[in-house]
Amino acid sequence: MRHPLDIIAMFAALWLLAAMVLDALTPKELTTVMIGIAIGPAVVITAVFYYLRCPRTDFAVMFAALWLISDIGIAFISPTQLPHFLIALGFVPALLIGIVLHWQRFQRRHERLPVPSVKRG
């Protein structure tokens with residue numbers, strides 16, 4: 001069972017960890033507080049969908065989209081230009097989710113029903 005206080009503690013710890021890791025990767029002018037404010041809404045929305053038991057695939061796609069939006073938000077609030085690898089880092093979750101979804105579709109291609117042929121005379 002997912003208790004709301006457990007979810008709050010888990011996502012607060014992930015939010016703080018993500019802010020601190022991104023602070024170590026970004027220029028000195030971009031502080032942990034600025035990064036925390038930029039990624040905060042995405043963490044809250046992700047926690048709400050986790051609490052509502054969103055299906056795994058939908059949750060993964062939503063997480064990837066929110067991560068990309070947060071990356072764009074960090075780029076907007078940064079007083080200096082971000083390194084290119086940080087911009088690319090925003091696309092990594094979306095790329096991984098896309099690869100997994102296409103791989104699953106490729107694996108299930110034999111389960112699809114054949115299209116009925118219609119002979120017209």
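**Helix packing, pocket and cavity**

Mentor: The crossing of H1 and H2 is right-handed, a term used when the near helix is turned clockwise from the far one by less than a right angle. Helices here are DSSP runs (H or I, at least four residues), numbered from the N terminus.

Trainee: Which residues of H1 and H2 make the contact?

Mentor: On the H1 side they are Pro4, Ile7, Met10, Phe11, Trp15, Ala18, Ala19, Met20, Leu22 and Asp23. H2 brings Thr32, Ile35, Gly36, Ile39, Gly40, Val43, Thr46, Ala47, Tyr50 and Tyr51. Contact means heavy atoms within 4.5 Å.

Trainee: And by class, what does the contact of H1 with H2 have?

Mentor: There are 15 nonpolar, four polar and one charged residues. Nonpolar covers Ala, Val, Leu, Ile, Met, Phe, Trp, Tyr, Cys and Pro; Asp, Glu, Lys and Arg are charged, and the others, Gly among them, are polar.

Trainee: At what angle do the axes of H1 and H2 cross?

Mentor: At roughly 150°, and the axes come within 9 Å. Axes are lines fitted to C-alpha atoms, for helices over the stretch in contact, with angles from 0 to 180 degrees between N-to-C directions.

Trainee: What should I know about the model itself?

Mentor: The model is predicted: local features need pLDDT of at least 70, side-chain atom pairs count only at pLDDT 80 or more, and totals for chains, interfaces and linings use all residues. Residues are numbered from 1 along each chain as its sequence is written, and side-chain values use heavy atoms, with hydrogens and water left out.

Trainee: What does Thr46 touch?

Mentor: Phe11, Phe59, Met62, Phe63 and Leu66, not counting residues up to four places away in sequence.

Trainee: New topic. What volume has the largest pocket?

Mentor: About 320 Å³. A pocket is an open set of points on a 1 Å grid over the protein atoms alone, with protein on both sides within 12 Å along at least five of seven lines; a cavity is a set where a 1.4 Å probe fits but cannot get out, and lining residues have an atom within 4 Å of a point. Points are joined across faces, edges and corners, and a volume is the space filled by probe spheres set on them.

Trainee: Which residues lie nearest the centre of the largest pocket?

Mentor: Leu14, Ala18, Val43, Phe63 and Trp67, out of 17 lining residues. Helix H1 (4-25), H2 and helix H3 (56-77) each give two or more residues to that lining. The largest share, eight residues, comes from H1. By class, the lining of the largest pocket has 15 nonpolar, two polar and no charged residues.

Trainee: How many cavities of 30 Å³ or more are there?

Mentor: One. About 100 Å³ of space lies in the largest cavity. Its lining includes Leu22, Thr26, Ile39, Trp67 and Leu86. H3 supplies the largest share of that lining, four residues. The lining residues of the largest cavity divide into seven nonpolar, three polar and one charged.

Trainee: Where is Leu86, and what does Leu86 contact?

Mentor: Leu86 is in helix H4. Leaving aside neighbours within four places in sequence, Leu86 is in contact with Leu25, Thr26 and Asp71. Leu86 and Thr26 are 60 residues apart along the chain, yet their C-alpha atoms are separated by 7.8 Å. Leu86 counts as buried because its relative accessibility is 3%.

Trainee: What about the loop between H3 and H4?

Mentor: Pro79 is in that loop. Pro79 counts as exposed because its relative accessibility is 54%. Still, Pro79 touches Glu29, Leu30 and Met34, not counting residues up to four places away in sequence.

Trainee: And what is phi of Arg53 near?

Mentor: Near 55°, a positive value in a residue other than glycine. Most residues other than glycine have a negative phi. Arg53 lies in the loop between H2 and H3 and, at 53% relative accessibility, counts as exposed.

Key: Buried < 20%, exposed > 50% of the residue type's maximum accessible area, 1.4 Å probe, protein only.
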